[in-house]
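Please keep the sequence and the model side by side while reading.

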Amino acid sequence: MLLWTWMAHASLWGQTAPLGLPPIHSYTKQDYGAETQNWAIAQDARGLLYFGNNLGLLEYDGTAWTVYPLPNRSIVRSLTIDESGTLLVGGQDELGYFAEGERGMPQFHSLTHLLPAPYQKFEDVWRIFSTPEHTYWGTHGALFLHGGVQDTTPFTVIPAPGRFDNFFWCQGKMLVSDLDRGIFMLDGDSLQLLPGSERFVGQHIAAILPHPLQGWLVLTRDAGIYHYLLETLQPWAGDLTGFFAEHQIYHGIALAQGGYAIGTSQQGVVLLDADGNWIQTLNEGHGLLNNSVLSVFEDRRHNLWLGLENGLAYIEVNSPFAWLGQPQGIRGTAYASLIFRDTLYLGTNQGLFFRPWQRGRTTLNKQPFQLVPQSKTPNWGLSALRGQLLVSQHLGPSRLSRARLQRLAPHQGSWTFVPLVQHPGYALEGTYEGVALYRWQESAQRWTYQQKIAGFDESARVMVEDSLGSIWISHAYRGVYRLHLGEDPHQLEALDFFGQKDGLPSDFLINVTRINGEVMFTTEAGVYCFDAAKERFVPHRAFQSAFSLENPVHRLIQDDLGNIWYAAGQTFGCFRPVSRGDSVIWRRFSINRLQKRLVKGFEHIFTPDAHHVFIGTEEGFITLDLAKALNQQAPFPVYLRKVEWMGRPDSAIFRGAILENLNEPLHLPPDARDFRFSYSATFFGDLEELHYQYRLIGLDESWSDWTQKTEKEYTNLDPGTYTFEVRTRNMYGNLSEVASLSLTIARPWYARTGAIVVYVLLGIGGILFLFRLNARNLEAKTEALQTENARALQKQEAEFRQEAQRSEAEIIRLRNEKLEVEVAYKNRELASSAMHLLQKGEVLLKIKQELEELAKEASPSGRKQIQKLIRVIKDDIRLDKNWKQFEIHFDQVHGDFLAQLRAAYPELTARDQRLCAYLRMNFSTKEIAQLMNISVRGVEISRYRLRKKLGLDREQNLNAFMMDFQGPEAS
């Protein structure tokens with residue numbers, strides 16, 4: 001998980017640095033996929049970062065982390081990059097370098113075999129330094145010197161007089177510390193003890209760094225920092241000696257822009273200026289994963305990377321952004337800021353905070369912010385009018401006097417104050433319920449409340465005065481109001497309301513502002529202005545084209561330097577006026593990093609100077625050094641990191657090679673048609689603000705839409721040559737250069753040029769052969785054609801006669817078939833009718849039997865009636881006759897089936913024959929049970945007995961037997 005925090009105690013470099021604290025990005029071992037400890041850090045010319053990790057070499061390209069273990073799987077303690085750009089790596093009993101191997105995959109090349117045999121077991125390489133002449137590898141037992149990775153001669157070994165403790169390269173000198181002797185300097189192939197360094201016997205030396213003027217700074221683990229000059233030692237940064245003694249220095253570096261970064265074992269990293277003054281401490285309380293710093297590294301953008309006992313940290317000390325919030329005692333959402341009488345005031349929803357403002361010395365001023373008494377309420381606005389600071393709060397308007405608030409008026413809910421240009425000495429206050437009038441009393445030197453302006457009762461959070469003295473007030477949910485004050489500002493002369501009917505795109509989310517003296521209106525559909533002649537709102541010509549109509553413009557604010565700040569959709573930035581001869585042009589500067597932190601609808605910008613822009617956010621203030629931000633416009637690279645042939649176990653066909661080394665396209669076989677391109681930019685910071693565009697020349701007609709994805713797949717590519725291009729855009733709107741890679745997919749053998757030539761020659765030969773063959777056959781065919789025509793005429797006449805005979809026979813056959821179909825249909829109807837009669841007879845028989853039983857128990861008169869019914873039923877029951885009739889019609893339909901069955905199986909009873917008939921008609925067991933007036937179980941028993949009488953095997957299906965039965969005559 002990526003932890004991103006903005007924390008520390010003060011600003012960092014230079015007297016014009018922004019207030020607040022730089023962003024910190026923390027990475028856990030789960031983020032980078034290796035072990036917790038990180039001992040060394042290096043960066044190559046491409047900007048890729050490398051870390052010496054317990055698991056091996058850890059690489060980071062801004063998107064992906066990759067681990068490359070050493071052959072013996074040992075810890076990587078030291079890293080450096082030599083003059084040729086080769087990455088040198090030291091581990092346990094292993095030293096060597098990484099170079100790109102096949103398909104660009106980094107491969108380790110050991111140099112251990114060049115060491116004399118007695119020194120090939122050396123435990124850890126703790127430091128590596130590279131110069132044009134030598135490479136120095138420091139171990140506790142010896143210092144190894146070598147000519148570089150191309151040198152195949154053995155190492156020079158300089159044994160330790162006792163036991164080497166640490167190694168340093170400072171101002172062109174190789175220095176080595178020994179716990180028992182002091183500090184040695186390498187002179188040729190021998191070690192010379194530095195005079196006066198005996199003071200450090202028994203002391204662990206964490207670092208030796210250049211002094212800003214002359215000499216060296218010696219950083220000890222437990223005894224602070226000393227200035228070594230001309231064999232003398234003087235304490236340096238003495239005020240911090242106790243701090244460093246308590247928290248122990250582990251590592252330190254001199255920073256390229258001045259100052260020092262000191263890594264400690266127990267209190268994170270400490271930043272000092274060039275004079276040894278404390279600037280800030282960054283530790284667990286400020287966003288680090290832990291306080292133990294094993295390595296400190298300054299990258300090419302002058303930001304810091306920390307290798308920690310547990311994880312990694314990236315500190316943007318060179319960022320133009322800093323945070324003012326809880327660490328400085330500021331709480332809540334930010335709404336207002338102002339510098340008044342050398343005091344900085346910051347208003348939030350939880351109070352009004354202040355501290356001295358020492359312009360030009362903000363870095364060294366560490367006094368914390370204080371809370372103005374009785375200000376624990378939302379503070380919406382700060383206005384400096386005629387030497388007084390007016391505070392607009394939820395509880396009402398106040399005047400700040402001697403660090404205390406004094407109420408100006410009895411009402412609650414104050415938004416802002418606007419001095420009236422057309423009525424000098426008067427000011428309007430926007431309130432929750434209308435506007436209030438104030439007058440400047442010269443004798444008392446203060447503003448006094450006059451009255452609430454009658455006739456307007458809407459909320460007036462945002463209002464401006466135009467050049468004619470009209471007051472424009474925007475309402476977020478209703479539209480726009482225009483107030484006209486008379487010659488006497490106490491009276492409202494006219495009130496106009498404008499909305500969608502007057503040309504605005506809607507009545508919602510309207511904000512009024514004044515830019516270069518002109519009143520403008522931000523809307524959901526861009527920037528509008530008011531056409532006084534037409535009394536309608538129209539799109540502003542200059543600003544409407546500056547914003548996409550898909551992005552609503554939330555706010556436009558012009559600061560005191562003339563910059564026009566905008567918040568539109570997901571974009572944030574400013575237009576800067578730049579003089580060009582006698583004219584002024586506007587240049588756009590984007591900083592989208594902040595848009596998601598702004599308070600939507602309450603965007604606040606305050607710019608006292610180019611180095612301090614105060615921006616209100618949901619969690620305090622962001623300060624921006626605009627001058628430094630403009631220097632961030634330098635281009636940055638994007639790299640193709642990997643190309644994979646998808647669908648293969650070993651899919652990488654290119655990985656991490658420098659593209660300039662590829663002078664021709666990658667050549668691939670015909671079956672290579674599916675690819676994945678992975679890319680990354682070495683711009684470390686807000687990765688979610690990095691967006692990429694790509695295209696595949698040969699397939700894509702234009703660039704893709706901007707996306708945060710760092711890979712693109714293409715499938716089913718046809719043979720041919722393609723060039724993949726990618727570029728990126730960072731949070732400042734900067735575009736990188738285009739990275740590209742070409743590849744050629746070969747055609748299959750049957751589609752290659754040689755095969756096509758063969759195909760053409762064969763085709764031409766075949767065509768000539770066919771022409772000759774056709775000419776030869778044409779004569780023979782012409783002669784045979786006449787004979788064939790005569791024969792054809794004779795044959796055609798015979799066929800006509802045969803066809804007439806066949807047609808007549810076919811007509812007769814169709815007539816017979818029609819008659820047979822009609823007869824069969826009628827027979828089926830008769831058989832069905834007979835079946836119904838048979839079923840009726842069975843039902844009547846059953847009713848007769850029931851009546852006979854009932855008659856036995858009935859009275860004489862009742863019995864007589866029942867007997868009468870029985871006689872009627874007897875007359876109607878002709879079961880045998882019905883069965884005989886059914887049998888006749890059934891045999892007509894089924895080709896004398898029953899007669900044939902009796903002939904083949906004379907032992908079958910009448911009941912068996914009925915069952916056979918039902919089976920022949922494909923009746924279900926349930927239907928047969930109903931027709932035979934027996935249970936389903938009875939049908940199954942009857943089927944079993946019938947199978948035995950017919951002599952069927954178990955494998956033979958009884959239904960199929962009945963359906964296929966033909967009888968002895970048919971067979």
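This is a predicted model: local features need pLDDT of at least 70, side-chain atom pairs count only at pLDDT 80 or more; totals for chains, interfaces and linings use all residues.

1. Residues are numbered from 1 along each chain as its sequence is written, and side-chain values use heavy atoms, with hydrogens and water left out.

2. Strand β61 covers residues 675–681, and because seven of its seven residues are buried, it is largely enclosed by the rest of the structure. Buried here means under 20% relative accessible area, with a 1.4 Å probe and protein chains only, and strands are DSSP runs (E, at least two residues) numbered from the N terminus. Phe675, Phe677, Tyr679 and Ala681 point one way from β61, whereas Arg676, Ser678 and Ser680 point the other way, and all are buried.

3. Two strands count as paired if DSSP finds at least two bridges between them. Strand β58 (residues 638–645) pairs with β61 in the antiparallel sense over seven bridges, and Trp645 stands opposite Phe675 of β61. Strand β63 (residues 711–714) also runs antiparallel to β61, joined to it by four bridges, with Glu713 in β63 as the bridge partner of Arg676.

4. Elsewhere, four strands form an open antiparallel sheet in the order β7-β8-β9-β10, whose edge strands, β7 (78–81) and β10 (106–110), each pair on one side only. Within this sheet, strand β9 (residues 95–100) is joined to β10 by five antiparallel bridges, and Gly96 stands opposite Ser110 in β10.

How values were computed:
Buried means under 20% relative accessible area, exposed over 50%, partly exposed in between (1.4 Å probe, protein chains only).
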